[in-house]
Amino acid sequence: QVQLVESGGGLVQAGGSLRLSCTASGRTASNAAIGWFRQAPGKEREFAATITWSGSSTTYADSVKGRFTISRDKNLVYLQMNKLKPEDTAVYYCAAGQYSVFYSHYNYWGQGTQVTVSS
């Protein structure tokens, strides 16, 4: 079992920055890839970024590449979000599982944190 808790969401103006944190705990937490997904109202959950258990590899969605950075310090995973746009507004979830861009490959999910970007 893996437990995940996100924090760091909030309200920010367009062009601003936020850093999300995901704290993973449990027996297999340190061996799992951690991904960030987001879901806007009325839309499907979409992939944002993921990082391997070692932190050696990362993958980003095209929509966030160059603006978001995922990093990891053991069981603490960060998503640094810069140059935020109104279309980044969503609930952001971290998830633990396989290193993948597909949400079905992640077995454990946090409760989500709201990010709102005003124009």
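**View A. The hairpin of E5 and E6.** Six residues lie between the strands of the E5 and E6 hairpin, where Gly55 takes a positive phi near 85°. Strands are DSSP runs of E with at least two residues, numbered from the N terminus. The model is predicted: local features need pLDDT of at least 70, side-chain atom pairs count only at pLDDT 80 or more, and totals for chains, interfaces and linings use all residues. Residues are numbered from 1 along each chain as its sequence is written, and side-chain values use heavy atoms, with hydrogens and water left out. E5 pairs with strand E6 (residues 58-60) in the antiparallel sense over three bridges; two strands count as paired if DSSP finds at least two bridges between them. Ile51 has Thr58 in E6 as its bridge partner.

**View B. The hairpin of E4 and E5.** E4 and E5 run antiparallel and are joined by five bridges. Trp36 has Ala49 in E5 as its bridge partner. The two strands form a hairpin with six residues between them, and Gly42 in the turn has a positive phi of about 75°. Five of the six residues of E5 are buried (buried means under 20% relative accessible area, exposed over 50%, partly exposed in between, with a 1.4 Å probe and protein chains only).

**View C. The open sheet of four strands.** The strand order is E1-E3-E8-E7, with antiparallel pairing. Strand E1 (3-7) and strand E7 (68-73) are the edge strands, each pairing on one side only. Neighbouring strands of this sheet are turned by 15° against each other on average, direction ignored (axes are lines fitted to C-alpha atoms, for helices over the stretch in contact, and angles run from 0 to 180 degrees between N-to-C directions).

View D. Five bridges pair E1 with strand E3 (residues 18-25) in the antiparallel sense. Gln3 has Ser25 in E3 as its bridge partner, and Val5 stands opposite Thr23 in E3.

**View E. The largest nonpolar core.** A nonpolar core is a set of buried Ala, Val, Leu, Ile, Met, Phe, Trp, Tyr and Cys residues joined through side-chain atoms within 4.5 Å. Of the 33 residues in the largest one, Leu4, Ile34, Trp36, Ile70, Leu79, Met81 and Tyr92 touch the most other members. At least two residues of this core come from each of E3, strand E4 (33-39), strand E5 (46-51), E7, E8, E9 and strand E11 (113-118). E9 gives the most, with five residues.

**View F. Two lysines with positive phi.** Lys74, not a glycine, has a positive phi of about 60°. Lys74 is in the loop between E7 and strand E8 (76-81), and counts as exposed because its relative accessibility is 71%. Lys83, also not a glycine, has a positive phi of about 50°. Lys83 lies in the loop between E8 and strand E9 (90-97), and counts as exposed at 58% relative accessibility.

**View G. The largest pocket.** The volume of the largest pocket is about 170 Å³. A pocket is an open set of points on a 1 Å grid over the protein atoms alone, where a 1.4 Å probe fits, with protein on both sides within 12 Å along at least five of seven lines; lining residues have an atom within 4 Å of a point. Grid points are joined across faces, edges and corners, and the volume is the space filled by probe spheres set on the points. Of the 13 lining residues, Arg38, Lys43, Glu46, Glu87 and Asp88 lie nearest the pocket centre. By class, the lining has two nonpolar, three polar and eight charged residues (Ala, Val, Leu, Ile, Met, Phe, Trp, Tyr, Cys and Pro count as nonpolar, Asp, Glu, Lys and Arg as charged, and the others, Gly among them, as polar).
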